[in-house]
Protein chains: 2
Amino acid sequence: MQAAMELFSERGYDRVTVGEIAARAGLTERTFFRYFTDKREVLFSGSDMLVQALTKALTEAPADESPMEAVGSALDAIARALEAHRTRDEAKVRYGVVTAHPELMERERAKMSKLVDALTVALHKRGVEEPAASLVAEAGIAVFRVGFERWLEDEHDVSMAEHMQIALKTLQQVTAPSVKPRKKR
Amino acid sequence: MQAAMELFSERGYDRVTVGEIAARAGLTERTFFRYFTDKREVLFSGSDMLVQALTKALTEAPADESPMEAVGSALDAIARALEAHRTRDEAKVRYGVVTAHPELMERERAKMSKLVDALTVALHKRGVEEPAASLVAEAGIAVFRVGFERWLEDEHDVSMAEHMQIALKTLQQVTAPSVKPRKKR
């Protein structure tokens, strides 16, 4: 919600009232409360949609892709959708507010945990067994989180999708068992 | 704390009082409160020690190990220490209590998040750069979590350390880029 992010950026999350957000967005308070239960909700209104979109994207990933490739495809689709929906500046304001408030960080962690659970279930449906499904889901959300944070900090206008692909490639490199001849002990 | 886990298992976490825990452990309430701020704390008293132990183990991992190998060595050391410190039955009771209470789950997630942060810092100190350090740390804690849960459910007496090594190997397999000839499109 652009109006809210502008206000949070101008005056700080704690000082902004719901009335002000509604006014800036050209809504009555009554209408605001039809969409959001409270001010906090403005920061997390996209969470359920994100869970659904990620599950859908994974379900639609080509059947011949490996679990990790399918998660990579899903993250790619999600990154494009997220980037179309919110500018990096808005995302930065939101993330700054969340990381500065322990109770909001708790909710952010719960959201990430829901994403892991949703991915795990979707991977089971693709026939992936345990513990592989849980590990791919955790690894996928790690890539999502790290790629997202790198995108927020990026000064070269690299897209979110590209950052997630970089994070995925990096994960593949760092988890690859190292070639033994490199060891000298 | 064995006395507390026995009581939680017998009567349910919510019904057990601090007075009862103290009595079962042969402590006065006063002494109990010297060690724990409240009943919740009994479930999380090991958290800080775990963070320190994991950091120490990573710092002590051989310098020629790759970041992921070093995290594997650290998890191995931690698993052995954890298993010496608490039986699987006690760990099961604790985890059952935690997962049944949303506010305790929040704290469990915060603990995991602290472990990721501690590992990331320790990896930076080993000279690992971003985003590799964050990804190795996240992957390592995913291995820890999944390995730990598999150990809790195990009926064949496989050790926690072994479960973590299985989880690590599985992660390496699932993140390995698939060989192209396998694709038929």
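Domain bounds here come from an automatic or database domain assignment. On that basis, chain A splits into domain 1 (1-43) and domain 2 (46-174), with 26 Å between the centres of the two, taken over C-alpha atoms.

A quick note on the ground rules: this is a predicted model, where local features need pLDDT of at least 70, side-chain atom pairs count only at pLDDT 80 or more, and totals for chains, interfaces and linings use all residues. Residues are numbered from 1 along each chain as its sequence is written, while chains are lettered from A and ligands numbered from 1 in the order in which they are written.

Now for the contacts (C-beta atoms, placed from the backbone, within 7 Å). Seven residues of domain 1 of chain A meet six residues of domain 2 of chain A. Helices, by the way, are DSSP runs (H or I, at least four residues), numbered from the N terminus. On the domain 1 side, α1 (2-11) and α4 (39-44) of chain A each give two or more residues, and α1(A) has the largest share, with four residues.

Between the chains, 31 residues from chain B touch 31 residues from chain A. Chain B's side draws two or more residues from each of α6, α8, α9 (132-153) and α10 (160-175), and α9(B) gives the largest share, nine residues.

Here is how two of these sides divide by class. Ala, Val, Leu, Ile, Met, Phe, Trp, Tyr, Cys and Pro count as nonpolar, Asp, Glu, Lys and Arg as charged, and the others, Gly among them, as polar.

| Domain 1 of chain A, touching domain 2 of chain A | four residues | two residues | one residue |

How values were computed
Two residues are in contact if their C-beta atoms, placed from the backbone, lie within 7 Å.
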